[in-house]
Amino acid sequence: MKMRMLGDDLKVSAIGLGCMGMSDFYGTADEKDAIEVIHYALDHGINFLDTADAYGPFTNEKLVGKAIKGRRDKVVLATKFGNVRSPDGKWLGINGSPEYVKKACEASLKRLGTDHIDLYYQHRVDLSVPIEDTIGAMAELVKAGKVRYIGMSEAAASTIRRAHKVHKITALQTEYSLWTRDPENGILDTVRDLGIGFVAYSPLGRGFLTGRWQTPEDIPEGDWRRKQPRFQGANFYKNLELVDKVRQVACDKDVEPGQIALAWVLAQGDDIVPIPGTKHLKYLKQNIAAADIDLTENDLNFLDTAIPRGSTAGDRYPDMSTVNR
């Protein structure tokens, strides 16, 4: 597995592993299988694992902690705070207060079974708290040795600049893929100007760009994606047309559409690290192999023309008020 740098100091595998779906949102999952996926990833060069206290809620951090026990020194461990949920899963809002930052960190450390978090993200920006206060509290965690590097997620360019003045931001995590090219509207320019790495979550369009679904009903019952605008009604079928474009390139190279979608993200810059999530060994193997796919200039030009910015039908979320803030 090739390596990439997030910021100046944090070296990670070119592809990370998003662990969210092992515990939440994407239907049922088996803990034994999930741990097998994590172990396979670590054994095959992926060292960058991504979780959050909101996933489960709380159970995903426990799962990851269990999986990396005895292997902590081989892992760059990332988790997040700020999306507050009750134990029964209810969403309680966003909290970026300094008191909550420290409380959330202590709880995550305990669940993960570690004495430090390598990359600690603010999951969503709390507009009721000055970003300087939130980042200041995170900086205190760095000083205390509980956090190595600070990250942000779904923050606006102006917010990132304000935060970076308080403490160095190592990475911004935001959705980015062939069907979510929003970061190209100033976000990527901002993080590059500041020397901040970019972590792309949902680089496969939450699985849509793999081409595994042909109708909305193909998505399993209870899967959170059924509620998302891009996966519903006319939007779904409009977006299938985009998958057909990806499939054209995949057929030419005798690979899977999802591998092309992932290779496209990797080709957007060495400062970008995608973290595709999966709970299936089959798809993990495909993702790992995608790191070795070289897209030609013609491939990239074709995809850029066939799937231009803004061509995806439907919003990313039913409520877009918590992103780009």
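In which sense do β3 and strand β4 pair, and over how many bridges? I started my notebook with this one, and I kept in mind that the model is predicted.

**Entry 1: the sheet**

I looked up β3 and strand β4 (residues 48–50) and found that they pair in the parallel sense, over two bridges.

**Entry 2**

I went back to β1 and strand β2 (residues 10–13), which pair in the antiparallel sense over four bridges. The two form a hairpin with three residues between them. In the turn I noted glycine 7, whose phi is positive at about 65 degrees. Methionine 3 stands opposite serine 13 in β2.

Which residues of strand β1 are on the covered face, and which on the uncovered one? I found Arg4 and Leu6 on the covered face, with Met3 and Met5 on the uncovered one.

**Entry 2: two helices, α2 and α3**

I reminded myself that two packed helices are described by the angle between their axes and the distance between the axes. For helix α2 (residues 59–67) and helix α3 (residues 98–112), I read an angle of about 45 degrees and axes 7 Å apart. The two helices are therefore oblique to each other.

I listed who meets whom: Glu61, Lys62, Val64 and Gly65 from α2, against Ser108, Arg111 and Leu112 from α3. Sorted by class, this contact has two nonpolar, two polar and three charged residues.

Arginine 111 forms a salt bridge with glutamate 61, and the closest N and O atoms are 2.7 Å apart. The pair links distant parts of the chain, since arginine 111 is in helix α3 and glutamate 61 in helix α2, 50 residues apart.

Are the two partners buried or exposed? Arginine 111 counts as buried because its relative accessibility is 17%, under the 20% cut-off. Glutamate 61 is buried too, with a relative accessible area of 0%.

**Entry 3: other salt bridges**

Arginine 316 and glutamate 175 meet through their side chains in a salt bridge, at 3.2 Å from N to O. Arginine 316 lies in the segment after α10 (297–306) and glutamate 175 in strand β10 (residues 171–175), so the pair ties together parts that are 141 residues apart in sequence. Both arginine 316 and glutamate 175 are buried. I then found them in one network, where salt bridges that share partners join Glu154, Glu175, Asp182, Arg206 and Arg316.

Aspartate 223 forms a salt bridge with arginine 225, with the closest N and O atoms 2.7 Å apart. Aspartate 223 and arginine 225 are both buried.

**Entry 4: backbone details**

I checked the peptide bond from glycine 56 to proline 57 and found it cis, with omega near -5 degrees. Proline 57 lies in the loop between β4 and α2.

Which loop holds serine 202? I placed serine 202 between β11 (197–201) and α7 (233–253). Its phi is near 50 degrees, a positive value in a residue other than glycine. Serine 202 counts as buried, at 13% relative accessibility.

Aspartate 254 also has a positive phi, near 60 degrees, and is a residue other than glycine. I found aspartate 254 in the loop between α7 and α8 (257–266). With a relative accessible area of 73%, aspartate 254 is exposed.

**Entry 5: histidine 164**

My last stop was histidine 164, in helix α5 (residues 157–166). Leaving out residues up to four places away in sequence, histidine 164 touches Ile169, Leu194 and Ile196. I also looked up glutamate 132, which is 32 residues from histidine 164 along the chain; their C-alpha atoms are separated by 9.0 Å.

Technical notes
Residues are numbered from 1 along each chain as its sequence is written. This is a predicted model: local features need pLDDT of at least 70, side-chain atom pairs count only at pLDDT 80 or more; totals for chains, interfaces and linings use all residues. Side-chain values use heavy atoms; hydrogens and water are left out. Contact means heavy atoms within 4.5 Å. Buried means under 20% relative accessible area, exposed over 50%, partly exposed in between (1.4 Å probe, protein chains only). Two strands pair if DSSP finds at least two bridges between them. Axes are lines fitted to C-alpha atoms, for helices over the stretch in contact, and angles run from 0 to 180 degrees between N-to-C directions. Angles under 35 degrees count as roughly parallel, over 145 as roughly antiparallel, 65 to 115 as roughly perpendicular and the rest as oblique. Ala, Val, Leu, Ile, Met, Phe, Trp, Tyr, Cys and Pro count as nonpolar, Asp, Glu, Lys and Arg as charged, and the others, Gly among them, as polar. A salt bridge is a side-chain nitrogen of Lys or Arg within 4 Å of a carboxyl oxygen of Asp or Glu.
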